[in-house]
Amino acid sequence: MPRVTYIEHNGAPHTVEVPLGLSVMRGAVDNNVPGIDADCGGECACATCHVYVEEEWLPKTGLPQPGSQEASMLSFAAVAQPNSRLSCQISVTDALDGLVVRMPEGQH
Amino acid sequence: MSSGLGRVVIVGAGHAGSAAAAALRQFGWAGRVTLIGEEPLPPYQRPPLSKAWLKGDADFAGLLLRPAAFYPANAIELRLSERVVRIDRPAKAVRLITGEAIRYDCLILALGAAARPLNVPGAALRGVLALRSVPDAEALRRALRRGVRLVVIGGGYIGLEVAASARVLGAEVTVIERESRVLSRVACPALSDFFAREHVARGVRLECGAAVEALEGAGGAVAGARLSDGRLLAADLVLVGVGAGPNQTLAREAALACDDGIVVNERARSSDPNIFAIGDCARRPLPLYGRTMRLESVPNALEMAKQAAAALCGRGPPVPEVPWFWSDQYELRLQIAGLPFDVAQTVSRGNPETGGFALFHLTADDMVRAVEAVNAAPEFMAGKTMIARLRRVAAERLRDPRHTLQELAS
């Protein structure tokens with residue numbers, strides 16, 4: 001099972017196994033990883049599962065599709081960076097085994 | 001207690017209750033955590049029941065808030081199919097219908113809200129449904145077939161979402177709303193008009209300002225809705241979505257302060273310092289608006305769960321959040337942030353005819369208090385930020401597309 005590492009804003013890492021096909025958001029919620037709120041449950045309606053993808057993983061996760069709901073939500077998230085993603089929109093694949101994402105200071 | 005060694009009992013295993021249990025563990029609570037729910041299912045998401053799940057676009061596993069293994073893995077004792085009938089405050093225990101008493105050091109009430117019944121003759125006929133739970137949604141999904149005549153009573157979020165899902169499934173849909181417009185309790189008149197037009201354009205028959213006098217049946221099954229003007233609207237199926245009221249009986253019988261909701265402070269604590277109330281059942285302070293209110297929304301449930309867990313774990317209070325709501329109908333995504341208190345001006349951006357648009361609601365002195373956005377995520381996000389920061393933005397600047405959202409909100 002692919003492993004994903006979530007790094008809290010305070011630096012605390014959490015590495016968990018996430019079943020193929022689940023989102024990076026679900027991986028955090030299902031393992032009670034702090035720092036991802038996921039208010040809307042994965043509907044891309046709230047931007048409270050915002051993560052920064054570690055630079056070396058960006059080619060594999062990709063960036064939000066231009067014009068997508070995710071891109072629009074992030075275009076105005078206060079702390080968005082070029083490597084920002086909504087983790088509910090990243091589906092876990094074998095290619096993402098070892099993925100590292102960091103959490104912003106807060107989701108609200 | 002601040003060492004986290006006591007036992008927390010949470011009554012109610014919906015969004016709020018399960019989030020409180022998870023947050024207690026995230027925040028380091030070391031004592032026992034017991035989560036008691038009336039339904040046989042582990043905690044699940046309710047919003048999809050009127051949307052994706054109803055249309056068959058989501059499966060049951062996807063409906064669960066967390067996998068079943070989550071609870072034992074996090075030392076959360078999940079007691080399902082259990083009904084709490086009494087809170088014994090002197091003994092610090094809750095009593096189950098079976099007679100069992102469960103002792104607590106701290107109690108979190110996450111009792112939710114119950115669908116308001118329709119008090120008209122015929123409301124108990126077969127084919128008259130409400131929508132709160134998975135069994136409700138299953139009954140509705142089984143009955144919704146192409147050509148079925150569905151009458152929806154109540155043009156609020158649930159009524160309109162079901163109407164939209166039912167149209168997509170090919171049902172014939174009539175929505176009856178007592179007020180003069182749909183979404184009257186949650187949206188401004190312009191937005192109500194927009195949604196009314198969209199539903200009518202997709203073949204929904206809309207009856208606003210209409211009262212149902214009775215539901216009529218044949219052989220025990222519903223056959224139509226009789227309006228007060230005498231007309232009979234034929235129906236094979238009736239969905240009642242006329243709002244919900246707080247489940248506060250347990251609290252009231254235990255003499256906790258209640259006022260359309262269990263009254264709590266900014267840390268979700270009730271009038272008994274050992275008892276918290278969170279989610280739909282609670283009347284809470286809204287620091288951004290300087291008043292108290294009961295909110296029925298998932299974000300509110302999650303925010304209050306964090307408040308209670310933080311207070312119990314001796315952490316500082318979480319940052320107050322801007323209330324927000326969403327609804328999906330057809331390909332329209334409505335996102336609302338804030339509440340329209342003390343609003344004196346409304347400014348629109350975008351164009352309802354050609355794409356996304358948003359309505360910003362401001363006080364007389366230009367403070368942004370609420371935004372209603374349809375297929376307009378950036379405006380929603382920008383508005384939410386403005387509201388959180390108590391930002392003042394002159395209406396003429398907000399109206400002018402030459403000023404970017406980034407510029408206006410910073």
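Two residues are in contact if their C-beta atoms, placed from the backbone, lie within 7 Å. The legends below describe close-up views of a predicted model.

**View 1. The contact between chain B and chain A.** In this predicted model, 23 residues of chain B are in contact with 19 residues of chain A. On the side of chain B that touches chain A, two or more residues are given by each of α1 (15–26), α8 (298–312), β23 (332–338) and α9 (377–388) of chain B. The largest share, 5 residues, comes from α9(B). Sorted by class, this side of chain B has 14 nonpolar, 5 polar and 4 charged residues.

**View 2. The domains of chain B and the contact of domain 1 with domain 2.** Chain B is divided into domain 1 (8–114 + 245–312), domain 2 (128–242) and domain 3 (331–409). Between the C-alpha centres of domain 1 of chain B and domain 2 of chain B there are 30 Å. Their contact takes 9 residues from domain 1 of chain B and 12 residues from domain 2 of chain B. On the side of domain 1 of chain B that touches domain 2 of chain B, 5 residues are nonpolar, 1 is polar and 3 are charged.

**View 3. An open sheet in chain B.** The 5 strands of this open sheet follow the order β9-β16-β10-β11-β12 (chain B), with parallel pairing. β9 (128–129) and β12 (205–208) of chain B each have a single partner strand, so they stand at the edges and one side of each is left without a neighbour in the sheet. Strands of a sheet pair through backbone hydrogen bonds, either parallel or antiparallel. Here, β9(B) runs parallel to strand β16 (residues 237–240) of chain B, and 2 bridges join them. At one of these positions, B:Val128 has B:Val238 in β16(B) as its bridge partner.

**View 4. The largest nonpolar core and another core apart from it.** In soluble globular proteins, nonpolar side chains tend to be buried together. The largest nonpolar core has 107 residues, and those that touch the most other members are B:Leu150, B:Val152, B:Ile153, B:Ala163, B:Val238 and B:Leu239. Helix α5 (residues 157–168) of chain B gives the largest share of this core, 7 residues.

**View 5. The surroundings of B:Ala163.** Leaving aside residues up to four places away in sequence, B:Ala163 touches B:Val152, B:Val173, B:Val175, B:His199 and B:Val204. Both B:Ala163 and B:Val152 are among the residues that touch the most other members of the largest nonpolar core.

Key. Residues numbered from 1 in each chain as written. Chains lettered and ligands numbered in written order. Predicted model: local features only at pLDDT ≥ 70, side-chain atom pairs only at ≥ 80, totals over all residues. Domains from an automatic or database assignment. Nonpolar A, V, L, I, M, F, W, Y, C, P; charged D, E, K, R; others polar. Helix = DSSP H or I, 4+ residues; strand = E, 2+ residues; numbered from the N terminus. Core = buried A, V, L, I, M, F, W, Y, C linked by C-beta atoms within 7 Å. Buried ≥ 20, exposed ≤ 12 C-beta atoms within 10 Å, placed from the backbone. Pairing = 2+ DSSP bridges.
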